[in-house]
Amino acid sequence: MFIVLEWTAPLMHNVDELGISVRKSRWGLGIASGLIDRPISSAKSGEVTKKIGLKVREDNLRAVKLYRRKEFLIEGRPSKEMCVGGPYYDELLMGIDLDLAASSNA
Ligand SMILES: CC(C)(COP(=O)(O)OP(=O)(O)OC[C@H]1O[C@@H](n2cnc3c(N)ncnc32)[C@H](O)[C@@H]1OP(=O)(O)O)[C@@H](O)C(=O)NCCC(=O)NCCS
């Protein structure tokens, strides 16, 4: 299991990229859901990160459902971006604008 939230130098850019993977035998137990909360709330309470972004394959419904529940919005859909020895899939670009999220929760 891993979770990565890349903190970046403030002067370079202000978007952190999220990636998460859970061992398959543990899927559906709420592990990803629990793990993802901490880096999101940490980014929300800081001043550097303005946005959390991620990329996910269009047919990864489990991941998309998880991210939507955590308030990520679909911001783009480049076509045929992903292929591993089979059909081509669109990629979903998802993100949370932390300033918007803060103002809508105020
Ligand atoms: C995506 C991933 C991280 C989710 O981990 P997880 O610990 O199983 O996730 P959780 O149990 O916290 O929650 C998954 C959500 O998907 C839902 N779900 C479960 N099975 C599903 C299915 N077959 N189709 C769609 N959604 C499903 C769950 O109900 C849950 O939503 P809910 O809490 O609203 O009910 C895990 O499947 C994984 O590691 N996949 C491989 C790597 C990957 O795809 N990473 C994301 C790429 S950006």
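The buried residues of α1 are A32, I36, I40 and A43, where a residue is buried if 20 or more other C-beta atoms, placed from the backbone, lie within 10 Å of its own, exposed if 12 or fewer do, and partly exposed in between. Their cover includes β2, β3, α2 and α3 (98-105); helices (H or I, at least four residues) and strands (E, at least two) are DSSP runs numbered from the N terminus. The model is a predicted one, in which local features need pLDDT of at least 70 and side-chain atom pairs count only at pLDDT 80 or more, while totals for chains, interfaces and linings use all residues. Residues are numbered from 1 along each chain as its sequence is written. Helix α1 has 15 residues and spans 22 Å from its first C-alpha to its last. This is close to the expected 21 Å, the expected span being 1.5 Å times one less than the number of residues.

The protein contains 3 helices and 5 strands, in the order β-β-α-β-α-β-β-α from the N terminus. Of its 106 residues, 15% are buried. Among contacts (C-beta atoms, placed from the backbone, within 7 Å) between residues at least 6 apart in sequence, 54% join residues at least 24 apart.

Leaving aside residues up to four places away in sequence, I52 touches D16, L18, I40, A43, G95 and I96.

The shell around the ligand has 20 residues, of which W27, I31, A32, S33 and A63 come nearest; a residue is near a molecule if its C-beta atom, placed from the backbone, lies within 6 Å of it. Two or more shell residues are given by each of β2 (15-21), α1 (31-45), β3 (51-57) and α2 (61-69). The most, 6 residues, come from α2. By type, the shell comprises 11 nonpolar, 6 polar and 3 charged residues, with Ala, Val, Leu, Ile, Met, Phe, Trp, Tyr, Cys and Pro counted as nonpolar, Asp, Glu, Lys and Arg as charged, and the others, Gly among them, as polar.

P78 lies in the loop between β4 (73-76) and β5 (91-97). P78 counts as exposed because it has 11 C-beta neighbours inside 10 Å. Residues up to four places away in sequence aside, P78 touches D90 and E91. The C-alpha atoms of P78 and D90, 12 residues apart along the chain, are separated by 5.8 Å.

Technical notes. Contact = placed C-beta atoms within 7 Å.
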